[in-house]
Amino acid sequence: MNRASFAIVWNLPRDIQPMKASDPSILGGDVCCSSAARSDKHNKQLAIMAGWFHVFKVDSFVFGTANTLYQQLKAHISEQKETKSKAERAKHLIFDLTEVTGIDSSARDVFCKVHRLLKNEGIKLVWVITNPQVKDKESFDDQGLYVGAPQFDSLDRALLHVEDELLRKAHKLSQKWLKNETVREIFERQVLRNVFNISVRAEEKNFSPSRLQPWPKLSTLSIGTQLGGADDDNLYLLYSGEVQVQARDGSHFDCFTGSFFNLDNVLVSTGVLSGLPSTVGAVVTKESAVLAVSKKNYLLMQKQDPAVAQKLQHTLLAQQEANRPGRTRARVPYRDSSVFSDEPAPIHGLAKRLLEGNDYKISLTDEQIVRFSEVFELILEPGETEIPMDIFSSYVSKEARLFGSAFSHEEFMELIDASGIDEDGDGSLSKDEFLAFLRGLFLSDIPSTEVEALRQAYHETVALGPIDDARLESLFKDLGFDMNSSNLGDVIGVIDADCDGKVDFNEFMTGIGMMKKMTLLSKQLEAAFRKYIDFFAIMKRGYTRSQSQSAPRRRSFLSSSLRVTIHKMSSGRRNVPQTQEEVFDEGCVELAACDLMAFLKVERDDAEEMVFLADQDEVKMNKKDSNYVDSLAPGVGEVKCHRSIDRVEFENLIRTWS
């Protein structure tokens, strides 16, 4: 819109003046989700970060009321400052002008003020503009409104951009924990476990492309390739690239890596859904690789591999729901501190004795060997017997990205090299090396002296009836395992891969090997957490000794930041310290932002965000509390949020963000 247009608008008769914009709606990240098919891991991460982005939605013609919109935005930012700590406030704001039909000159000037305001507040601005008259050069581009503020032609693409930005930010924050070598090793091996986890439990939404083998065909498609339609009964999984799906109502949406498309055609044709398919076709918008499962193979899969078919169907229905307009992302609930204890449950009985030896080799299940062998054959070049390590690393990095990993290909090359999977060091991977590596990744061996006791416990349980989930959980608990530190769902999903409730003794022993592996992992994480705590305790002792000396006090990080400790204020937690003596209480068993600043050498903002992402408890805000000298939260009006994380939260952090 040019200046002449603005003049025409102002001189229109009152009865045909454009409609002014109604009050904008401000939506949080929990009610605004992109249509991208995210892994369970990514969805959990984005749920935690739901408060880190908002959508400021404006409709109609922005005429004469632009300054009101600006004041509402300022009020929203002020309210955030008064009710949330900096670590919890919005980092991105999407200005959605999709429904705006035009703007006047005052709106253009106000949008410049919006741009400056958000830049000064450290909030990243994203524009969503579809109307060419709104986004013309004089209105936006020439005014510098796109500088540092990307523009998209749909809210879905803007949401995808912001979600990806937040996931990258979370990855960078999680990487800061890896200065501890134990944490780094566990973190990296967890990434590999995510790639090769073959659990097929129906309630899990993740679906590895390798789990589809041998049913699909891999194809590389160029830009402009047409797919779908009435005569196309293939089910497609987008392995890389981008595809735009065309809906029956004339609209379209983007399909991103890891998403299935043309799925409603398959679900309708097989009788799972009724009515007409909602999609009528798809076009490749970026060079892509897809896995295509024909209807014939889909039906054959249901007969020959019902467990995989069941999980695939569940995944398709879950994605169909995820693509529904207006879907929300549930926030992660807080822990109930009245019933939760962060004290580790002691390993006892037979489970404790299993930790004392490893001369009895635990084997993979027959199902695992079959599935892992299929993965090996998938990566293997035709006519070859071994896989070059660079090709294997490339495969792992692609699979990991589908599950939410942000590691680069180069990082995966280093990770694979350090894993020791290439036992003979010849630069290629044999099937025996591959299976041996995966056995060590998922299982731990046990002392042979306890095998008969395990056999007896197994047969006593079988005598009561088939081993279902509840009975298996009870058996592991009776053996002395800490069920809070183990992901029983993963264990059952592997040893009872066909979900028939029948677990033979060898499968049970594989479960024992997995439980021991998880127990050792928990102990390693507990030791790493203790190392953080002990380090800070040493710092505190050094600080108190320096205060007892008569020498002049040095002003340093140690003497300023350690005047405070940030602790939980939720019920069931120790109270925030009132005196300096309490601050240095050696009984402290939680990590706060100041601990991470000292131990990991990270900036204050990063440390507080790292603690916020890990904290699972509801924490009361404490604005301008005169009882505390909070050197970590300077500034008038800043809300102080006394957060910290315990051992269990630390363990969950490593598992969730790996």
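Residues are classed here as buried when their relative accessible area is under 20%, as exposed when it is over 50%, and as partly exposed in between (1.4 Å probe, protein chains only). The structure is a predicted model, in which local features need pLDDT of at least 70 and side-chain atom pairs count only at pLDDT 80 or more, whereas totals for chains, interfaces and linings use all residues. Residues are numbered from 1 along each chain as its sequence is written, and side-chain values use heavy atoms, with hydrogens and water left out.

Helices (H or I, at least four residues) and strands (E, at least two) are DSSP runs, numbered from the N terminus. Helix 11 comprises 14 residues and spans 20 Å from its first C-alpha to its last, close to the 20 Å expected at 1.5 Å a residue; the expected span is 1.5 Å times one less than the number of residues. Its buried residues are Gln-368, Arg-371, Phe-372, Ser-373, Val-375, Phe-376 and Ile-379. Gln-368, with a relative accessible area of 1%, has a polar side-chain atom 2.9 Å from the backbone nitrogen of Thr-365. For reference, a polar contact is a pair of N or O atoms within 3.5 Å; within protein, one must be able to donate a hydrogen and the other to accept it, and residues adjacent in sequence count only if both atoms are side-chain atoms.

A salt bridge is a side-chain nitrogen of Lys or Arg within 4 Å of a carboxyl oxygen of Asp or Glu, and the structure holds 22 of them. In one, the side chains of Arg-371 and Glu-367 meet at 3.0 Å, N to O. These two residues are four apart in helix 11 (residues 366-379) and are therefore separated by about one helical turn. An α-helix has 3.6 residues a turn, so residues three or four places apart point the same way. Arg-371 is buried, at 7% relative accessible area, whereas Glu-367 is partly exposed, at 28%.

Elsewhere, salt bridges that share partners join Lys-86, Arg-604, Asp-605 and Glu-608 into one network.

The salt bridge between the side chains of Asp-606 and Lys-176 (3.6 Å, N to O) links distant parts of the chain, the two residues being 430 apart. Asp-606 belongs to helix 22 (residues 604-614), and Lys-176 to the loop between helix 5 (155-175) and helix 6 (181-196). Lys-176 is partly exposed, with a relative accessible area of 27%.

Nonpolar packing was examined next. A nonpolar core is a set of buried Ala, Val, Leu, Ile, Met, Phe, Trp, Tyr and Cys residues joined through side-chain atoms within 4.5 Å. The largest such core has 124 residues, of which Trp-177, Phe-196, Phe-392, Phe-434, Phe-476, Leu-479 and Phe-508 touch the most other members. Helix 18 (residues 505-548) gives the most to this core, with 13 residues. Apart from this core lies another, of 25 residues, among them Phe-56, Leu-93, Val-100 and Leu-118. Leaving aside neighbours within four places in sequence, Leu-479 is in contact with His-348, Gly-349, Leu-350, Ala-351, Leu-454, Ala-457, Phe-508 and Ile-512, contact meaning heavy atoms within 4.5 Å.

With a disulfide taken as a pair of cysteine sulfur atoms within 2.5 Å, the count comes to zero. The sulfur of Cys-32 is 7.3 Å from the closest cysteine sulfur, that of Cys-33, and this is too far for a bond. Cys-32 is buried, at 6% relative accessibility, as is Cys-594, at 0% relative accessible area.

Positive phi values were found in residues other than glycine. Asn-262 has a phi near 65° and lies in the loop between strand 10 (260-261) and helix 7 (263-269). Lys-601 has a phi of about 60° and lies in the loop between helix 21 (593-600) and helix 22. Asn-262 is buried, at 5% relative accessibility, whereas Lys-601 is exposed, with a relative accessible area of 63%.
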